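Here are some friendly notes to read with the model open beside you. Take the points one at a time, and find each residue on screen before moving on.

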Amino acid sequence: MIDPFNIPIRVYIEDTDAGGIVYYVNYLKYMERARTEFMRSLGYDKPAMPQQGLLLVVHSAEIQYHRSARLDDALRATASIGKLGRAAVTFQQEIYRGNEIICAGVVKVACVADDNRKPCALPETIFSALKAAS
């Protein structure tokens, strides 16, 4: 198994509520950053492929919160491929503080046509890159 892709995240005041605790939706933002940088590491720097008339969009997300992150915490957001299909990829994602898991999620990203938003197959180059990374 390949180690998950990961990026560092620092918790800033804008990420927290009045008590200095990370607001729950921000974990989804951290996961988005990890997926985006994972795709960038494979050579794809945009969530759209306008020349092909395609978009990558979040289809669904399931999140489990285990601990609270706080202002100024140094976190690590991971992304790895859980399941790869012809028109969608499901990412396994975690947020860590040190070795302690803060949050875990499963995020399904679908490939859709830009003009009608209907599902379509991932381009072969992206599919092959994702398969090699899984």
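1. Gly85 sits in the loop that joins strand S4 (74-84) to S5; helices (H or I, at least four residues) and strands (E, at least two) are DSSP runs, numbered from the N terminus. Gly85 counts as partly exposed because its relative accessible area is 23%, where buried means under 20%, exposed over 50%, and partly exposed in between (1.4 Å probe, protein chains only).

2. A word on the model itself. It is predicted, so local features need pLDDT of at least 70 and side-chain atom pairs count only at pLDDT 80 or more, while totals for chains, interfaces and linings use all residues. Residues are numbered from 1 along each chain as its sequence is written, and side-chain values use heavy atoms, with hydrogens and water left out.

3. Which residues does Gly85 contact, leaving aside its neighbours within four places in sequence? They are Leu122 and Phe127, with contact meaning heavy atoms within 4.5 Å. Gly85 can also be placed relative to Lys131: the two are 46 residues apart along the chain, and their C-alpha atoms are separated by 9.5 Å.

4. Now step into strand S5, where you will find Ala88. Ala88 is buried, with a relative accessible area of 16%. Setting aside neighbours within four places in sequence, Ala88 is in contact with Lys83, Lys108, Val109, Ala110 and Leu122. For Ala88 and Lys108, the separation is 20 residues in sequence and 6.9 Å in space, C-alpha to C-alpha.

5. Thr90 is also placed in strand S5, which covers residues 88-97. Is Thr90 buried or exposed? Thr90 is buried, because its relative accessible area is 15%. Not counting residues up to four places away in sequence, Thr90 touches Ser80, Ile81, Gly82 and Lys83, and also Val106, Val107 and Lys108.

6. Gln93 deserves a careful look. This residue is in strand S5 and counts as buried, at 0% relative accessibility. Its side chain reaches the backbone oxygen of Met31 at 2.9 Å. A polar atom of the Gln93 side chain also lies 3.1 Å from the backbone oxygen of Thr78. Beyond residues up to four places away in sequence, Gln93 touches a list of residues including Met31, Ala34, Arg35, Thr78 and Cys103.

7. Zoom out to the whole fold. The protein chain has two helices and six strands, and reading along the sequence gives the pattern β-α-β-β-β-β-β-α. The radius of gyration of the protein chain (taken over C-alpha atoms) is 16 Å, close to the 14 Å that the globule rule gives for 134 residues, so the chain is as compact as a globular protein of that length. That rule is 2.2 Å times the number of residues to the power 0.38. Along its principal axes, the C-alpha trace spans about 45 × 35 × 25 Å.

8. Of the 134 residues of the protein chain, 38% count as buried. Among contacts with a separation of 6 or more, residues 24 or more positions apart account for 67%.

9. Last, the charges. The protein chain has 16 positive and 15 negative charges, and their mean positions are 4 Å apart. Lys and Arg count as positive and Asp and Glu as negative, while His and the chain ends are not counted; each charge is placed at NZ of Lys, CZ of Arg, CG of Asp or CD of Glu.

How values were computed. A polar contact is a pair of N or O atoms within 3.5 Å; within protein, one must be able to donate a hydrogen and the other to accept it, and residues adjacent in sequence count only if both atoms are side-chain atoms.
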